[in-house]
Amino acid sequence: MLFLWLYMFYSCAGSCAGLAARGSPAPPRAAPPLLPGEPGEESSLEEQRAAPDAGSPISSFFNGSGTKRLPQAIIIGVKKGGTRALLEFLRVHPDVRAVGAEPHFFDRNYERGLAWYRDLMPRTLEGQITMEKTPSYFVTKEAPARISSMSKGTKLIVVVRDPVTRAISDYTQTLSKKPDIPTFESLTFKNRTTGLIDTSWSAIQIGIYAKHLENWLLYFPIGQILFVSGERLISDPAGELGRVQDFLGLKRIITDKHFYFNKTKGFPCLKKAEGSSKPHCLGKTKGRTHPDIDQEVVQRLRDFYRPFNMKFYQMTGQDFGWD
């Protein structure tokens, strides 16, 4: 028996090893290194977690068939004008892919370079538009030249709002983070007695839209900039989104059927957000109740902004009805 067992063992050794070798897959060949943002780069952790079953076109997209591109359109401003709402509404469109967080590339991170910036962008398929929004670009002196250097054909979107209401909203946001700041009234004036407005205060300075626009027109023609009314974005979101879709060269897919008005928040919400079947409203940081402001101060501000508003209307060819 012992000899029989040894004979069987040695007979099998060679053939079994061969079978094992023939049945085992060859080790994968190492892929060549890729530059950041190139097609084929590994998907992000969020994409990996969200990736559906392999085999579908959507699966192929999440697994790297899309390409990271520099944005063809940027929402450049303004702070507390309605930029977050516009971006969330636009992301419903299947041909719009946008970064969720504000990259702040052209104002705070420019030294990191375009490869770093591109790597932040979502993957897009042919025919889709890559977008981002950073409202502080509009008031950043260097931003127009830097964006023009990236691409002179970049489409720019500015969401503007009554500068007085915008300033109060700006103050309200700061107050929620720093409850011990001075009153709005005391920050508005360099000298309350003389009524001299403090234009160095950012909440006031941002609303001088005509001044900031002059800087952009040194690098971009007016027809390459779309001005969206923050007020109409609330009262008629589908109408404003129609203008935006036309400007971007997109089919008008986002319509009235996508919105409902939330009476508690006081602005429209999406019936279905991107990638969800549930209604979606902007977070609790949007729609804060403004503090009561001395009406004399409000009127002083309206008088201060009026000539700048008139000039802005002339420059854009639009009357926003703030007076």
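This tour moves through the structure in a series of selections and says what can be found at each one.

Before starting, note that the model is predicted, that local features need pLDDT of at least 70, that side-chain atom pairs count only at pLDDT 80 or more, and that totals for chains, interfaces and linings use all residues. Residues are numbered from 1 along each chain as its sequence is written, and side-chain values use heavy atoms, with hydrogens and water left out.

Select residues 225-229, which form strand E9; helices (H or I, at least four residues) and strands (E, at least two) are DSSP runs, numbered from the N terminus. Five of the five residues of E9 are buried, so the strand is largely enclosed by the rest of the structure, where buried means under 20% relative accessible area, exposed over 50% and partly exposed in between, with a 1.4 Å probe and protein chains only. In a regular strand the side chains alternate between the two faces of the sheet. Here Ile225, Phe227 and Ser229 point one way from E9, while Leu226 and Val228 point the other way.

Ile75 stands opposite Ile157 of E6.

Is Lys80 buried or exposed? Lys80 is buried, with a relative accessible area of 15%. An unreviewed UniProt entry places the feature "active site" at Lys80; UniProt positions are given in the numbering used here, feature names are shortened, and annotations may be inferred rather than shown by experiment.

**Two helix pairs**

Select H4, residues 83-90, together with helix H12, residues 237-247, whose axes come within 11 Å and cross at roughly 75°. Axes are lines fitted to C-alpha atoms, for helices over the stretch in contact, and angles run from 0 to 180 degrees between N-to-C directions. H4 and H12 are therefore roughly perpendicular to each other, given that angles under 35 degrees count as roughly parallel, over 145 as roughly antiparallel, 65 to 115 as roughly perpendicular and the rest as oblique. Their contact (heavy atoms within 4.5 Å) is made by Leu86, Phe89 and Leu90 of H4 and by Pro237, Leu241 and Val244 of H12.

For the second pair, select helix H7, residues 163-177, and helix H13, residues 295-316, whose axes come within 9 Å and cross at roughly 125°. These two helices are therefore oblique to each other. Pro163, Val164 and Thr165 of H7 meet Val298, Leu301, Arg302, Tyr305 and Asn309 of H13.

**Two last stops**

Select helix H10, residues 209-216, where six of the eight residues are buried, among them Tyr209, His212 and Trp216.

Finish at Thr130 in strand E5, residues 129-133. At 0% relative accessibility, Thr130 counts as buried. Leaving aside its neighbours within four places in sequence, Thr130 is in contact with residues including Arg69, Gln72, Arg97, Met121 and Thr124.

Terms used. Pairing = 2+ DSSP bridges.
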